[in-house]
Amino acid sequence: MNKNWLTLPQLSGGADLALLATRLVAGGFLIFGVWDNIVSAERMAEFEKFLTIKGFAMPGLMAPLSVYAQFLAGVAFITGFATRWTGLVCAFNFIVALVMVDAALGIRPAFPAAALVVIGLIFATIGAGRLSIDAFLSDQPG
């Protein structure tokens with residue numbers, strides 16, 4: 001009896017497309033989420049005030065650091081450049097967000113941050129896939 005109907009190994013051929021789709025969605029979400037802080041000094045000041053209220057150390061430094069880390073992570077995910085390093089940065093940033101802010105809000109509000117931790121860890125461990133700048137620059141097959 002053929003058990004492939006249960007494990008669907010034929011779908012593994014789409015892994016690189018699935019990684020690309022995940023990179024595009026996660027990267028787009030990260031860029032969208034911080035764009036207002038990048039283009040508006042007022043919005044960045046609001047974010048700094050929010051970090052102050054939440055008890056972050058050095059909110060004047062942490063606000064732009066977090067915003068630009070998320071923006072650059074979004075760009076890196078979309079292009080598939082330095083994806084493993086970017087995954088680590090993304091996971092760290094959103095672990096901090098979970099611990100300092102989102103965990104206290106409950107599971108639904110914390111889900112985006114938790115999902116970005118997991119997505120970051122996935123990219124840190126398996127990379128961007130063949131449809132990426134990383135694959136183009138790599139001397140390793142596949």
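Residues are numbered from 1 along each chain as its sequence is written, and side-chain values use heavy atoms, with hydrogens and water left out. Because the model is predicted, local features need pLDDT of at least 70 and side-chain atom pairs count only at pLDDT 80 or more, while totals for chains, interfaces and linings use all residues.

**Overall build**

The protein has seven helices and zero strands, which gives the pattern α-α-α-α-α-α-α along the sequence. Helices (H or I, at least four residues) and strands (E, at least two) are DSSP runs, numbered from the N terminus. Along the principal axes, the C-alpha atoms fill a box of roughly 60 × 35 × 20 Å. Of the 142 residues in the protein, 32% are buried. Here buried means under 20% relative accessible area, exposed means over 50%, and partly exposed lies in between, with a 1.4 Å probe and protein chains only.

**Helix pairs**

| Pair | Axes come within | Crossing angle | Handedness |
|---|---|---|---|
| H2 and H6 | 11 Å | roughly 135 degrees | left-handed |
| H5 and H6 | 7 Å | roughly 155 degrees | left-handed |

The axes are lines fitted to C-alpha atoms, for helices over the stretch in contact, and angles run from 0 to 180 degrees between N-to-C directions. Angles under 35 degrees count as roughly parallel, over 145 as roughly antiparallel, 65 to 115 as roughly perpendicular and the rest as oblique. With axes crossing at roughly 155 degrees, H5 is roughly antiparallel to H6. H2 and H6 are therefore oblique to each other. A crossing is left-handed if the near helix is turned anticlockwise from the far one by less than a right angle, and right-handed if clockwise.

**The largest pocket**

Rolling a probe the size of a water molecule over the atoms shows where empty space is left. The largest pocket holds about 790 Å³ of space. Its lining has 29 residues, and those closest to the pocket centre are Phe47, Ser66, Gln70, Asn93 and Ala97. On a 1 Å grid over the protein atoms alone, a cavity is a set of points where a 1.4 Å probe fits but cannot get out; a pocket is an open set with protein on both sides within 12 Å along at least five of seven lines, and lining residues have an atom within 4 Å of a point. Grid points are joined across faces, edges and corners, and the volume is the space filled by probe spheres set on the points.

At least two lining residues come from each of H2 (15-39), H3 (41-53), H4 (59-79), H5 (83-100) and H6 (107-126). H2 gives the most, with seven residues. By type, the lining comprises 20 nonpolar, five polar and four charged residues. Ala, Val, Leu, Ile, Met, Phe, Trp, Tyr, Cys and Pro count as nonpolar, Asp, Glu, Lys and Arg as charged, and the others, Gly among them, as polar.

**Single residues**

Leu8 is not a glycine, yet has a positive phi of about 50 degrees. Leu8 sits in the loop between helix H1 (4-7) and H2, and is partly exposed at 37% relative accessibility. Ala82, also not a glycine, has a positive phi of about 55 degrees. Ala82 lies in the loop between H4 and H5 and counts as partly exposed because its relative accessible area is 27%.

Leu98 belongs to helix H5 and, at 17% relative accessibility, counts as buried.
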